[in-house]
Amino acid sequence: MAAELFPAKKLVSSASSSSSSAASLQQQNLSNNNPAPGGCSWQGLYPTIRERNSVMFNNEMMADVHFVVGPPGGTQRVPGHKYVLAVGSSVFHAMFYGELAEDTEEIRIPDVEPPSFLAMLKYIYCDEIDLCADTVLATLYAAKKYIVPHLARACVNFLETSLSAKNACVLLSQSCLFEEPDLTQRCWEVIDAQAELALRSEGFCDIDAQTLESILRRETLNAKEMVVFEAALSWAEAECQRRDLPPSIDNKRLVLGKAIYLIRIPAMALEDFANGAAQSGVLTLNETNDIFLWFTASRKPELLFCTKPRKGLAPQRCHRFQSCAYRSNQWRYRGRCDSIQFAVDRRVFIAGFGLYGSSCGSAEYSAKMELKRQGVPMAQRLIKFFSDGSSSTFPVWFDYPVQIEPDTFYTASVVLDGNELSYFGQEGMTEVQSGKVTFQFQCSSDSTNGTGVQGGQIPELIFYA
């Protein structure tokens with residue numbers, strides 16, 4: 001599942017490139033059944049203690065302890081050196097040199113996967129962090145178990161940079177298990193802003209019941225309640241499979257338990273309720289009747305469901321011009337592109353743009369809006385909007401908010417089609433502070449209609465933070 005939930009990426013960092021080469025050479029010698037490079041004089045090949053320790057990683061030479069790592073049927077025997085391990089981990093120190101130390105040459109570790117245990121040992125021996133998407137969660141578990149805090153922090157940083165709507169729900173569950181509040185907060189930021197994408201992800205169906213309830217209880221989810229309801233049913237079907245139950249309507253209701261009352265069904269649009277939840281079979285006949293009465297009757301029945309819509313997130317706006325103007329023959333649209341590049345200093349989610357409208361009375365425009373990163377489109381939408389002739393900005397929205405990472409320039413573009421001249425911005429700023437987020441702007445080579453930092457279109461970026 002990790003391979004599906006996380007992008008294909010790998011992190012390798014080392015305090016010394018020579019230590020990495022030492023580890024590589026040691027691995028090569030192991031494969032050739034040599035105890036160490038260079039025979040009995042191998043120590044002279046490496047000038048630093050880090051490099052010499054790297055040679056001993058996963059090496060039988062001078063090993064005074066062995067670990068049988070992994071669950072039954074998938075074990076691997078790993079050699080170790082008590083002194084090196086004790087220097088790298090307080091748990092190993094207590095295990096080998098503490099008051100309750102046991103004099104044993106073989107230690108079984110069934111709850112850690114062999115690749116993750118080796119990744120931890122590689123850090124302890126080589127001062128090298130080698131993480132990949134498939135094993136990072138298991139490596140974090142090992143680092144937490146053996147109290148290797150710097151490796152644990154590197155795992156959390158890896159997960160934060162890999163965080164997206166596809167894996168945010170799974171990582172939320174894991175971050176609570178590992179007691180990583182910063183990662184938990186980052187997960188909530190993604191889930192709140194991109195709630196519909198997160199709820200529809202495959203990873204949502206893999207979360208535990210406690211995490212499900214915390215998400216369903218969330219006041220700031222930016223999602224239609226019908227999407228929340230459908231996601232809960234998908235989770236219930238997966239939970240039936242985990243419990244070896246047929247995925248019947250009754251069993252789905254059974255595994256949901258009281259969590260179903262955290263879905264704000266009375267806050268749905270009446271049409272969504274009538275065509276969806278009311279016909280799902282998950283609700284009892286009395287519940288369905290009472291909710292219909294709540295929608296239509298002046299005297300509303302008492303319900304176990306919360307009737308108030310979720311607050312969601314309030315969109316913020318970054319306005320990059322200090323004034324706007326209009327002139328005859330300017331600003332005109334003939335299918336040319338208005339574009340600007342921007343970067344932020346923290347993760348945000350771009351929900352849409354604010355655009356100028358007609359300066360000659362009310363008018364309708366069609367807009368092809370696009371967001372790109374390094375030339376690769378991330379979101380596109382063709383939309384129409386109506387302007388009332390004022391100098392106000394008019395919002396146009398993407399289908400879903402788009403995750404924007406810090407310290408990388410993105411390109412916001414729009415191609416407008418309309419007969420009327422429009423307002424345009426003036427006195428543009430290269431840097432704008434909007435709440436806790438700093439935006440930087442620079443001109444885009446995609447802009448063929450005159451928009452740039454100093455003036456033009458796309459006066460606002462609409463975002464969640």
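Student: Which residue forms a salt bridge with E239?
Tutor: A salt bridge is a side-chain nitrogen of Lys or Arg within 4 Å of a carboxyl oxygen of Asp or Glu. Here the closest N and O atoms are 3.0 Å apart. The partner of E239 is R243.

Student: What kind of model do these values come from?
Tutor: Residues are numbered from 1 along each chain as its sequence is written, and side-chain values use heavy atoms, with hydrogens and water left out. Local features need pLDDT of at least 70 and side-chain atom pairs count only at pLDDT 80 or more, while totals for chains, interfaces and linings use all residues, since the model is predicted.

Student: Is E239 buried or exposed?
Tutor: Buried means under 20% relative accessible area, exposed means over 50%, and partly exposed lies in between (1.4 Å probe, protein chains only). R243, at 42%, is partly exposed. E239 has 12% relative accessibility, so it counts as buried.

Student: How many residues of helix α13 are buried?
Tutor: Helices (H or I, at least four residues) and strands (E, at least two) are DSSP runs, numbered from the N terminus. α13 has 18 residues and reaches 26 Å from its first C-alpha to its last, close to the 26 Å expected at 1.5 Å a residue. That expected span is 1.5 Å times one less than the number of residues. The helix is mostly covered, and its buried residues number 13.

Student: Which residue follows α13?
Tutor: The phi of this residue is positive, near 60°. The residue is D244.

Student: How many residues apart in sequence are the parts that K144 and E180 tie together?
Tutor: The side chains of K144 and E180 meet in a salt bridge with an N to O distance of 2.6 Å. K144 lies in helix α7 (residues 136-145) and E180 in the loop between α9 (168-177) and α10 (181-193), so the parts tied together are apart in sequence by 36 residues.

Student: Which residue of that pair is buried?
Tutor: K144 has a relative accessible area of 32%, so it is partly exposed. At 9% relative accessibility, the buried residue is E180.

Student: Which residue meets R218 in a salt bridge?
Tutor: The N to O distance of this salt bridge is 2.9 Å, and the partner is D192. R218 sits in the loop between α12 (209-216) and α13 (225-242), and its partner, 26 residues away, sits in helix α10. R218 is partly exposed at 23%.

Student: How many salt bridges does the whole structure hold?
Tutor: The search covers the whole structure. Its total is 22.

Student: What is the average angle between neighbouring strands of the six-stranded sheet?
Tutor: This open sheet has the order β11-β10-β13-β8-β16-β15, with antiparallel pairing. Its edge strands, β11 (376-387) and β15 (431-434), each pair on one side only. With axes as lines fitted to C-alpha atoms (for helices over the stretch in contact) and angles running from 0 to 180 degrees between N-to-C directions, the average with direction ignored is 25°.

Student: Which residue of β13 does I340 stand opposite?
Tutor: Strand β8 (residues 337-344) pairs with β13 in the antiparallel sense over six bridges. L371 stands opposite A412. I340 also stands opposite A412.

Student: Why is β13 largely enclosed by the rest of the structure?
Tutor: β13 has eight residues. It is largely enclosed because the number of them that are buried is six.

Key:
Pairing = 2+ DSSP bridges.
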